[in-house]
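Trainee: I keep getting lost when I look at the whole thing at once. Please pick a single part and walk me through it closely.

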Amino acid sequence: MTTQTLPEKKSGTNLQPVEGLLKLAPYRQGKSTISGVDRPLKLSSNESMAGPSPKARLAVADLASTGAHLYPDGSQSGLRTAIGKVFELDADRIVCGNGSDELIQLLMRAYLSPGDEVVLSQYSFGMAFVHATSIGAITISADEPDLKPDVDEMLRHVTDKTKMVVLATPNNPVGQYLSRSELVRLRELLPEQVMLLIDSAYADYVVEDDYESGEQLVDSHPNTVMTRTFSKLYGLAALRVGWMYARPEVIDAVQRIRTPFNVNAAALAAAEAAVGDTEFTRFVRDENNSERERLHAELEAIGIEFIPSFANFYLLRFADNGKTAEAAGAFLEKNGIIPRPVNAGGPENCLRITVGLPADNDRVITTLAHFMEATPA
Ligand SMILES: *Cc1c(COP(=O)(O)O)cnc(C)c1O
């Protein structure tokens, strides 16, 4: 019998996680419960209150009854083909992820090294900051002074060490987008070797002619990537599916580090059915947009500033009417409605609220009307 000599045990020598990691605050999900309220109306996470297409529901049920024992299709070919058909894109330039969150992480792991600089537009996806930091990259925030991505602000922070620029369009928590001409200007003025990540999570809601979600730019310029999600308009947040569109060399890099079954079979089946149901997609989009316009008019009429949005949520500002966002949030919660307070670093004195179904929105309008009447300025 041999005895192995192990290093002597010392106290206080726990392994430390990578540099900078302990400075990250753990992710805080939109609140989902209110104590004492049975079924609160959760309007804190930009989920689709319409839920997924009936075809997606059937696809999940079918998978559950006949296919749950089989590994998913690791090539994701059914879903990639369906996305390619609907968006008129080459399916070979698409890769799917466990939410677009995972794809952003994979892209960063594929391209960033410790010490690289990443410019994050102010109102982009919070997880991009977390993923970049976990790699040891240095993140720099570019202001959005007009509450939308600002090309000159982003460019101002680009140095020799910049590897990636990340923006969300429409952005979150505001819902404003960068025009096509501005997006093209950004790409053309960025050094070619800088990766531009365009997070278009809310693209499905935007119908404006001067909007560009990024795919044209991926085709026309190297080092450009677009990410999209099934979590918002498609109503599949629970199943976690996102997709990335990029040139073959970028897809190849991401494929090499993707785990083979990163998107589960229920998610693949549901997303494939959902993306094919274009009639349902259009219905959800149009209802969202007309409800958003109605909310805009009705909330403004009761004296609340409504910041224009092109997504499935809106930002209310309480600065000039003598009320606070905090009081409005508490009042909504007391009435069973959960909004999302805007975190530090976001626009001040604002509440973000998801556009719900018409009856949900009626409740928000009525409750906020009571709030404006009931609490003296
Ligand atoms: C919701 C959201 C996403 C989507 O994340 P998933 O991981 O696909 O659910 C991405 N970016 C922004 C800005 C978002 O608000």
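Mentor: Let's start with Glu88, which counts as exposed because its relative accessible area is 71% (exposed means over 50%, buried under 20% and partly exposed in between, using a 1.4 Å probe and protein chains only). Before we go on, this is a predicted model, so local features need pLDDT of at least 70 and side-chain atom pairs count only at pLDDT 80 or more, while totals for chains, interfaces and linings use all residues. Residues are numbered from 1 along each chain as its sequence is written, and side-chain values use heavy atoms, leaving out hydrogens and water.

Back to Glu88: it sits in the loop between α2 and β2 (helices are DSSP runs of H or I with at least four residues, strands are E runs of at least two, both numbered from the N terminus). Its phi is positive, near 55°, even though it isn't a glycine. Gln76, another non-glycine, also has a positive phi, of about 55°. You'll find Gln76 in the loop between α1 and α2. Gln76 has a relative accessible area of 1%, so it counts as buried.

Arg80 counts as buried because its relative accessibility is 12%. A polar atom of its side chain lies 3.0 Å from the backbone oxygen of Ser75. Skipping neighbours within four places in sequence, Arg80 is in contact (heavy atoms within 4.5 Å) with Ser75, Ala91, Asp92, Ile94, Val95 and Cys96.

Cys96 also turns up among the contacts of Leu79. Again leaving out neighbours within four places, Leu79 touches Phe230, Val241, Leu268, Ala271 and Glu272 as well.

That brings us to the largest nonpolar core, which has 33 residues (a core is a set of buried Ala, Val, Leu, Ile, Met, Phe, Trp, Tyr and Cys residues joined through side-chain atoms within 4.5 Å). Leu79, Ile83, Phe230 and Trp243 touch the most other members. The elements giving two or more residues to this core are α1 (54–66), α2 (77–87), β2 (94–97), β8 (242–245), α9 (265–276) and α10 (278–301). Of these, α9 gives the most, with seven residues. There's also a second, separate core of 23 residues, which includes Ala132, Ile135, Ala246 and Val250. In soluble globular proteins, nonpolar side chains tend to be buried together.

Conventions
Polar contact = N/O pair within 3.5 Å; in protein donor to acceptor, adjacent residues only side chain to side chain.
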